[in-house]
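Here is my note on the model you sent. Please read the points with the structure open.

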Amino acid sequence: FSRKMSIAARALFRSPVPVAALFRSPARRVSTADTVTVTVAEAQSKTAAAMRKIGWDAEDAALQAEIMTAAELCGNNQGLVKMYNPSLMAPSPGAAKPTIERETPTSAVVNANQSPGMLAAVNAADLALQKLRSQDGPIAIVTAYNTSTSSGQLAFYCERMARQGAIGIALANSPEFVAAAPGGKPIFGTNPVAFGIPQAAGPPLTFDMATSAIALFGVLTSKAKGEPLPEGVAYGRDGGFTTDASEALEGGAIATFGGHKGAGLSLCVELLAGVLSGGAVVGQCESKKLAKSWGHTMIAIQPDLLVDGFEAKAAAVLAATKASGPSIRLPGESSARTAAERTAADALPIPKQIWESICRTAEHGLPEQ
């Protein structure tokens with residue numbers, strides 16, 4: 001999808017924010033009509049200040065600001081747009097910090113206690129890595145449940161583990177938007193899966209994909225812009241394919257990618273991220289959306305306990321893949337390049353309205369009702 005898509009549509013994708021768009025600061029910016037450019041540190045610190053102002057403690061504010069800024073840095077659409085409507089980023093009534101359940105030396109379950117998906121996911125990823133380092137085995141697994149907002153860019157958590165030398169695998173389930181086959185009702189979420197592979201030279205290789213034929217964000221974008229969907233990615237109310245985004249969202253469903261293969265993978269994510277985590281179970285609840293308990297599964301693997309020279313061998317595979325044909329791009333390559341360029345320039349372009357919202361919130365907090 002074009003980077004010129006409406007900011008409102010951006011905020012809707014895998015985010016607690018149901019509408020989207022953007023805010024501003026007089027500090028160190030170079031502006032165009034629609035964006036401002038600030039330093040990476042300023043973007044993260046100002047976002048953390050805004051999160052503290054709306055009710056988060058320093059630790060949770062900093063973590064969420066780090067996750068959102070990292071997504072923004074690599075050009076991912078699940079970043080600072082979440083701050084367009086900061087009231088939706090405030091702590092939920094009755095929410096508490098995540099707690100640990102069912103703990104063993106190599107595993108644990110995180111009860112998010114209705115904390116945001118980002119906090120649930122980062123707690124699970126960090127605990128998986130901690131458990132990997134504290135025992136002699138090559139693998140650790142941590143799940144999380146009891147959250148009902150976006151975990152954002154799933155690759156963030158895998159890269160976080162991979163930067164510490166571990167292979168990171170992440171799976172997440174979400175409410176019913178995706179049908180298993182033509183004519184079926186929505187049963188799966190977009191159910192993304194992500195991987196992070198450590199590399200000796202350069203940032204980790206990351207791969208992050210939804211198991212649906214199109215991300216929910218893409219459908220929302222088409223609806224917001226009044227444009228047709230691509231052929232073959234969504235079903236209408238009659239169970240046949242439709243290019244009408246409104247019909248897909250209202251009585252229809254998103255398709256899985258790759259037909260039965262995508263459906264099988266989406267089902268496995270549902271089982272491994274939803275059921276295994278202790279989250280809401282399709283068939284045992286009215287709906288996952290109403291149950292407000294979506295799941296994550298984080299797996300950390302120490303490769304050198306399984307094979308010698310993993311990073312060198314992985315590098316050989318990646319080099320051979322790149323050399324196998326013209327214009328071959330590795331997963332995450334474009335995002336890594338964008339992040340590297342912005343980091344080197346210490347310049348992060350942010351939609352103007354989003355930056356204004358962040359800065360206004362950091363100074364004044366939420367507007368009084």
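**Notes on the model**

1. Leu267 sits in helix H8 (residues 260–275). Helices (H or I, at least four residues) and strands (E, at least two) are DSSP runs, numbered from the N terminus. Leu267 is partly exposed, at 40% relative accessible area (buried is under 20%, exposed over 50%, partly exposed in between; 1.4 Å probe, protein chains only). Its C-alpha atom is 43 Å from that of Arg360, 93 residues apart along the chain.

2. This is a predicted model, where local features need pLDDT of at least 70, side-chain atom pairs count only at pLDDT 80 or more, and totals for chains, interfaces and linings use all residues. Residues are numbered from 1 along each chain as its sequence is written, and side-chain values use heavy atoms, without hydrogens and water.

3. Seven strands make an open, mixed sheet, ordered E2-E3-E4-E12-E5-E8-E9. Strands pair if DSSP finds at least two bridges between them. E2 (99–104) and E9 (205–209) are the edges; each has a single partner strand, so one side of each lacks a neighbour in the sheet.

4. E4 (residues 139–147) and E12 (residues 294–301) run antiparallel, joined by seven bridges. Ala144 has His296 in E12 as its bridge partner. Helix H5 (residues 155–162) packs on the sheet and touches E5 (167–172), E8 (193–197), E9 and E12. Contact means heavy atoms within 4.5 Å. The direction of H5 makes about 25° with that of E8 (axes are lines fitted to C-alpha atoms, for helices over the stretch in contact; angles run from 0 to 180 degrees between N-to-C directions).
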